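Student: I have a structure open and would like to know what stands behind each label. Could we go through them together?

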Amino acid sequence: SISIMTQVFLPCESQQWPEDKRYFKLISSIQSAEEFRRYIEENTREETSSDLASTSQRLSCLKGLAIFLTDIASEEEKEIFFNKTLPFICRSASCLDVLIPDKGVPFIQQQEGAYVHLGRKLILSLLANAFLCTFPHEHPLGKKSKSFTFERFFKIFNSSDSSRCSSQTAKLKCILNYFYRMSYREEDGVPGTVCYSRQVIPKEDVPTLS
């Protein structure tokens, strides 16, 4: 049967959301790759004040992104990122709290038939929060949350494996291009919805070789 499953614990439902909103505002004003990397290094040290602990954790996840921007991205790509793309990502992430539906965002489990309709603007905001690594690691009920951030992806740029880094660079450029293109739809409100569905074959009906 098709049913809607448990809910995703969203960044805007966390106690850290007010600090995350300040975090978005802070990094959206950064103007260069060097400033971005320096800001991350200065604010992820052990002596960072407790009131900025959440921001320090978020910034630590972006170290690989900073390496991409300083060591790999072209001058044109850097200019587009800091002048257009990053401020747009921050604005998109910041409006999550006004976009979530009353019933929340369902989490579709593996091997469970389910469906969900999401607005394109909500999807954009969810992706922006994932990109900025604000999804909570801990659920308020004490259980471990699924990871919806780009943290592990960005860590690849800390690797010495040049071949792997090269393939991931192409992926990151595609992601940044998505945000850049969507920034030109900001004025029209990014209309439309997307329907995701999972159809599952019962185990007893799965074809076998026997």
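Tutor: Gladly! Helices (H or I, at least four residues) and strands (E, at least two) are DSSP runs, numbered from the N terminus. By that rule the protein chain has 9 helices and 2 strands, and from the N terminus on the elements run α-α-α-α-α-α-β-α-α-α-β. This is a predicted model, where local features need pLDDT of at least 70, side-chain atom pairs count only at pLDDT 80 or more, and totals for chains, interfaces and linings use all residues. Residues are numbered from 1 along each chain as its sequence is written, and side-chain values use heavy atoms, with hydrogens and water left out.

Student: How do you know that the span of helix α7 is close to the expected one?

Tutor: The expected span of a helix is 1.5 Å times one less than its number of residues. Helix α7 covers residues 120-131, which is 12 residues, and reaches 16 Å from its first C-alpha to its last, close to the 16 Å expected.

Student: What makes α7 mostly covered?

Tutor: Buried means under 20% relative accessible area, exposed over 50%, and partly exposed in between (1.4 Å probe, protein chains only). In α7, 9 of the 12 residues are buried, among them Leu122, Ile123, Leu124 and Phe131. In the protein chain, 43% of the 210 residues count as buried.

Student: Why is Thr55 called buried?

Tutor: Thr55 is buried because its relative accessible area is 5%, against a limit of under 20%. Thr55 lies in helix α3 (residues 53-61). Contact means heavy atoms within 4.5 Å, and Thr55 touches Glu19 and Tyr23, not counting residues up to four places away in sequence.

Student: And why does Asp97 count as partly exposed?

Tutor: Asp97 has 32% relative accessibility, so it counts as partly exposed. This residue lies in helix α6 (residues 96-99). Leaving aside neighbours within four places in sequence, Asp97 is in contact with Cys12, Trp17 and Lys21. Asp97 and Trp17 are 80 residues apart in sequence and 9.1 Å apart in space, C-alpha to C-alpha.

Student: What makes Phe150 and Phe153 an edge-to-face pair?

Tutor: Rings of Phe, Tyr and Trp (its six-membered ring) pair if their centres lie within 6.5 Å; planes under 30 degrees apart count as stacked, over 60 as edge-to-face and the rest as tilted. The structure holds 14 aromatic pairs. Phe150 and Phe153 are 6.2 Å centre to centre with 85 degrees between the planes, and that is edge-to-face. Both are buried, and both belong to one aromatic cluster that includes Phe68, Phe131 and Tyr178.

Student: How do you know that Lys84 lies over the face of Tyr184?

Tutor: A charge sits over a ring if NZ of Lys or CZ of Arg is within 6 Å of the ring centre and within 35 degrees of the ring normal. Lys84 is placed over the face of Tyr184, at 4.3 Å from the ring centre.

Student: How do you know that β1 and β2 pair?

Tutor: Two strands pair if DSSP finds at least two bridges between them. Here 6 bridges join β1 to strand β2 (residues 193-198), and the two run antiparallel. The bridge partner of Val116 in β2 is Tyr196.
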